[in-house]
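Here are my notes for when you open this one up. Have the viewer running and click on each residue as you read.

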Amino acid sequence: MSSATTVAITGAAGQIGYSLLPRIAAGEMFGPDRKIRLQLLEIPPALDALRGVAMELQDCAFPLLEEVVTTTDPDVAFSGASWCLLVGSKPRGPGMERADLLLENGRIFVGQGSSIDARAAADCRVVVVGNPCNTNCMIAAAQGSRLGPERYSAMMRLDQNRATALLAQKAGVAVEEVGDVIVYGNHSPSMYPDAANARIAGQPAPAVIGDSDWLRGEFLETVGQRGAAIIAARGLSSAASAANALIDHVHALNTPGKTLHGLAVCSRGEYGMPRGVWAGLPVRTSAPGVFAVVEDIEHDSFARNALEKTGAELAHERELVADFL
Ligand code: NAD
Ligand code: LMR
């Protein structure tokens with residue numbers, strides 16, 4: 001058994017937290033041989049609820065769970081953390097776009113970004129889930145200089161999983177037959193889930209699906225609007241699938257290999273994304289926590305147009321939060 005990994009999670013008493021924490025403590029994020037220390041952050045009104053969650057974690061008697069800290073102090077939560085999972089923030093309600101949360105949620109990531117830069121472990125990786133996650137991630141990363149932008153990623157994995165499941169359903173194959181599905185740009189309706197370069201049972205997805213109108217229409221619309229559809233149906237935003245996607249995100253980022261996966265990372269201009277925004281891009285993990293953007297994927301003019309639009313939206317969001325950067 002290796003030494004414990006310290007994981008800081010913000011908004012831990014919320015919906016996503018409730019689905020996420022037992023799965024991390026059970027070893028689903030870091031593997032069955034890795035002890036876990038959880039450092040859970042909440043705002044004062046949610047501290048009692050957080051203590052209740054901690055009691056439940058204790059009552060699960062997870063063999064891997066070494067310690068649970070509950071706190072309202074970011075400096076305590078992020079102290080020595082190797083992973084900071086930034087979930088805590090307000091979710092949108094019916095009829096809202098994620099960008100409507102920009103100013104209210106964005107300011108959370110100013111204080112937390114500074115605290116992470118001062119307190120987290122030298123090997124720390126930061127993953128932002130709280131919406132609008134791309135721009136919040138940029139805000140958090142902008143507060144520090146110690147860790148560097150490559151340590152910060154935002155979650156596009158829920159979009160990737162949605163697109164993968166939808167392609168599998170349309171093709172009538174098992175989910176594991178579908179691969180290389182990358183969602184580019186912003187976690188917003190402008191996102192571009194690239195089916196043209198996806199594979200189904202080893203074949204190009206467009207050839208297997210055989211319906212380009214569906215791929216350029218209903219497919220893009222369904223993936224892009226899935227979060228809103230869940231809010232309309234549940235009255236609450238996705239939580240179990242978001243927690244699941246975060247486990248997939250961290251696992252993929254921590255597992256070297258040839259598999260392509262999607263993260264929102266600091267753009268250096270790849271695929272026309274504006275430099276310095278956090279955009280969904282294809283990556284491969286080369287060592288635990290270390291990735292490289294894959295730059296040789298080809299796109300037709302339909303895709304390039306979509307990439308330009310989602311990139312422009314990220315640049316616009318950056319202008320709106322200029323005071324936080
Ligand atoms: P929730 O309201 O159930 O929980 C959020 C928690 O964050 C609450 O307990 C709240 O007290 C806490 N919180 C608020 N401000 C905080 C702060 N400054 N520090 C620490 N904790 C704070 O919401 P949820 O359903 O868990 O969703 C959380 C966020 O994740 C939302 O912004 C939501 O839109 C986003 N989300 C993102 C994705 C994605 O794919 N990127 C998917 C689903 C949800
Ligand atoms: C999602 O995609 O389900 C989340 O980002 C929540 C939302 O606001 O749509």
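1. Start with Arg37 and Glu66, which form a salt bridge whose closest N and O atoms are 3.3 Å apart. This bridge ties together distant parts of the chain: Arg37 belongs to strand E2 (residues 34-41), while Glu66 belongs to strand E3 (residues 65-71), 29 residues apart. Keep in mind that you are looking at a predicted model.

2. How many salt bridges does the whole structure have? A search finds 12. Another one of them joins Lys90 and Glu104, with the closest N and O atoms 3.6 Å apart. This pair also links distant parts of the chain: Lys90 is in the loop between strand E4 (83-86) and helix H4 (102-106), and Glu104 is in helix H4, 14 residues apart. Lys90 comes out as partly exposed at 40% relative accessibility, and Glu104 as partly exposed at 46%.

3. Now go to Arg162, which makes a salt bridge with Asp159; here the closest N and O atoms are 3.8 Å apart. The two sit three residues apart in helix H7 (residues 157-171), so about one helical turn separates them. Arg162 has a relative accessible area of 11%, so this residue counts as buried, the cut-off being under 20%. Asp159 is buried as well, at 0% relative accessibility.

4. Stay on Arg162, because there is a ligand to look at: a polar side-chain atom of Arg162 lies 2.7 Å from an oxygen atom of ligand 2. On its own, ligand 2 has 260 Å² of accessible area, and the protein covers 94% of that.

5. Where does ligand 2 sit? Look in the largest pocket. The residues around ligand 2 include Arg92, Arg98, Asn131, Leu158, Gly227 and Ile231. Helices H7 and H11 (226-234) each supply at least two residues of this shell.

Technical notes
Residues are numbered from 1 along each chain as its sequence is written. Chains are lettered from A and ligands numbered from 1 in the order in which they are written. This is a predicted model: local features need pLDDT of at least 70, side-chain atom pairs count only at pLDDT 80 or more; totals for chains, interfaces and linings use all residues. Side-chain values use heavy atoms; hydrogens and water are left out. A salt bridge is a side-chain nitrogen of Lys or Arg within 4 Å of a carboxyl oxygen of Asp or Glu. Helices (H or I, at least four residues) and strands (E, at least two) are DSSP runs, numbered from the N terminus. Buried means under 20% relative accessible area, exposed over 50%, partly exposed in between (1.4 Å probe, protein chains only). A residue is near a molecule or strand if one of its heavy atoms lies within 4 Å of it. A polar contact is a pair of N or O atoms within 3.5 Å; within protein, one must be able to donate a hydrogen and the other to accept it, and residues adjacent in sequence count only if both atoms are side-chain atoms. Accessible areas come from the Shrake-Rupley method with a 1.4 Å probe; for residues, only the protein chains shown count as cover. On a 1 Å grid over the protein atoms alone, a cavity is a set of points where a 1.4 Å probe fits but cannot get out, and a pocket is an open set with protein on both sides within 12 Å along at least five of seven lines; lining residues have an atom within 4 Å of a point. A molecule sits in a cavity or pocket if more than half of its atoms lie within 2 Å of its grid points.
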